[in-house]
Amino acid sequence: MEMEMVHGAKSRVFTRGLSGLRNLVVKLKEKCVGIAKNIKKIAKDDPRRVIHSLKMALALTLVSLFYFVRPLYEGFGVSGMWAVLTVVVVFEFSVGATISKGLNRGLATLTAGALGVGAQHLAVLFGTKGEPIVLGILVFLLASMSTFTRFVPSIKKRYDYGVLIFILTFSLVAVSGYRVDVILVLAYQRLSTIVVGGATCMIVSIFICPVWAGEDLHNLIAGNLEKLAKFMEGFGEDYFTFPDNDKISMNSKKDGKSYLQSHKSVLASKTNEENLANFARWEPCHGQFRLRHPWKQYVKVGALARQCAYHIETLCGFINTEAKVPMEFRRKIKDSCTKMSIESSKALRAMASSIEKMAHPKQVVMHLENSKQAAKELENVLKTMLYGPEDIIALVPDATVASILVNIITCVEKISEAVHELANVAHFKEKIEATVSPEPTKHTAKLHRGIVNPMYDDGDRGEVDYVEVIVCDQKPQKIGNCIEGEIRVDNKCSNNVNNSTVISPPSIITCT
């Protein structure tokens, strides 16, 4: 009996252990699948990340030749490892970031190396006992002053990495010179390998599938304005809808509204915009962007767009609230508020298109004027309304929404001014090239000797909305049974056809 109990206990322990092992294998498998899906998503979101990884590997392979090829190893020795280290720390995702780090590292190494050699020669003049004291004092002074400069905003933004490398290199060269007699050879080897590593990074980054920080910043700003336009469009069309009951619960509008999240990324884009603008200043000419492109103006437009996004975030708070608003008041302000929202959306979308195509915005002023006119109409409507003190509290949510929309118009106007300034300093095209044939010049004479041909798209001979009119200027004559001055349209005589006549396809005009 005891043997059976012991055997049963062992069996249960074994079963639990086997079950735990199976659960562990299942969890491990799920974890691996989750990691694989996450990696796939990251690569799919931006395929340039995969290319960047391959470029990094290529640059590292090239500089590794300092160790693999004997002539190069004999020329540089162990200092060839600095080339590998340089590639690891310098190679970045964008061209601007790579050039920034490469030049910072190269110039800092050159300057610090020269000062380190000079400090060593100066310290030698003080004799054997005074040399280490002088070197210590020089290292202390330069390290403290260089570290303090890292707190200067302008230096920290663009040269922080260079200052860090300066401190490191000067300290190594100055201190190493106390024990190493061939200090010049050491400095030369280190500088040479760093230059080779940095040059390799820049060449690979520029000439193999380059990623331009300036282009990313350009697209980011245009995309942010488009996101704000999407919210304003959705808000204007959706907020002032009326259910059957007399009270409106604004929380019911939240579900399924994708536009409510469109502005979220704009609020958190400040750091990304500033970094891209900083890296873009280091980049050479590329595409439509010249050497000294006004990247600071993009940052200004982005800052104004964020101000607008903060107002929009406030609107989201009213959408999500449980407050109930009387329908009568909302009906009276609906047209004005909807027009303000829609026209602001159109203005933002026009500015986004202007930046994207690098052309002067032409329709923005018209949409801004329409939104301002709607704001004046709202003001006139509010002046005519009379409510008692007991009704004011119930009107606060919609009144606040209307006030925020007026503030958004002001923000959009500021963005418009910044975009126009950007268009001027960046030399945007005066107008966007037409994608259709220009409207023909209107003639006072009737159509002569012409054919109205339907315009088809990709060979599709279905319904079309426009026709091509070929105009000739000969004097009208008698055609068939038509009297002089008439024109045959679809085998029917007509004397009412002129250049402004709209003829539905597939009508045919015949004249001589």
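Over which residues does pLDDT stay under 50, with 52 contacts beyond four places in sequence? The stretch is residues 497–512.

1. Basis of the note. This is a predicted model, in which local features need pLDDT of at least 70 and side-chain atom pairs count only at pLDDT 80 or more, while totals for chains, interfaces and linings use all residues. Residues are numbered from 1 along each chain as its sequence is written, and side-chain values use heavy atoms, with hydrogens and water left out.

2. Confidence. pLDDT is the predictor's confidence in each residue, from 0 to 100. The protein chain has an average pLDDT of 78, and 73% of the residues score at least 70. Over residues 432–486 the pLDDT is below 50, and this stretch has 89 contacts in the model beyond near neighbours in sequence; a contact means heavy atoms within 4.5 Å. Where pLDDT is low, the predicted coordinates should not be read in detail.

3. Helices (H or I, at least four residues) are DSSP runs, numbered from the N terminus. Buried residues (under 20% relative accessible area, 1.4 Å probe, protein chains only; exposed is over 50%, partly exposed in between) in α7 are Gly130, Glu131, Val134, Leu135, Val139 and Ser146. Their cover includes α6 (95–124) and α8 (153–176).

4. His52. This residue belongs to helix α2 (residues 48–63). His52 has a relative accessible area of 18%, and therefore counts as buried. Leaving aside residues up to four places away in sequence, His52 touches Phe91, Glu92 and Phe93.

5. Cysteines. A disulfide is a pair of cysteine sulfur atoms within 2.5 Å; the search of the whole structure finds zero. Cys308 is in no disulfide, and the nearest cysteine sulfur, that of Cys411, lies 5.3 Å away. Cys308 is buried because its relative accessibility is 0%. Cys337 is likewise buried, at 0%.

6. Aromatic rings. Rings of Phe, Tyr and Trp (its six-membered ring) pair if their centres lie within 6.5 Å; planes under 30 degrees apart count as stacked, over 60 as edge-to-face and the rest as tilted. The count by this rule is six aromatic pairs. One of them is the tilted pair of Phe289 and Trp295, 5.3 Å centre to centre with 40 degrees between the planes.

How values were computed
Helices (H or I, at least four residues) and strands (E, at least two) are DSSP runs, numbered from the N terminus.
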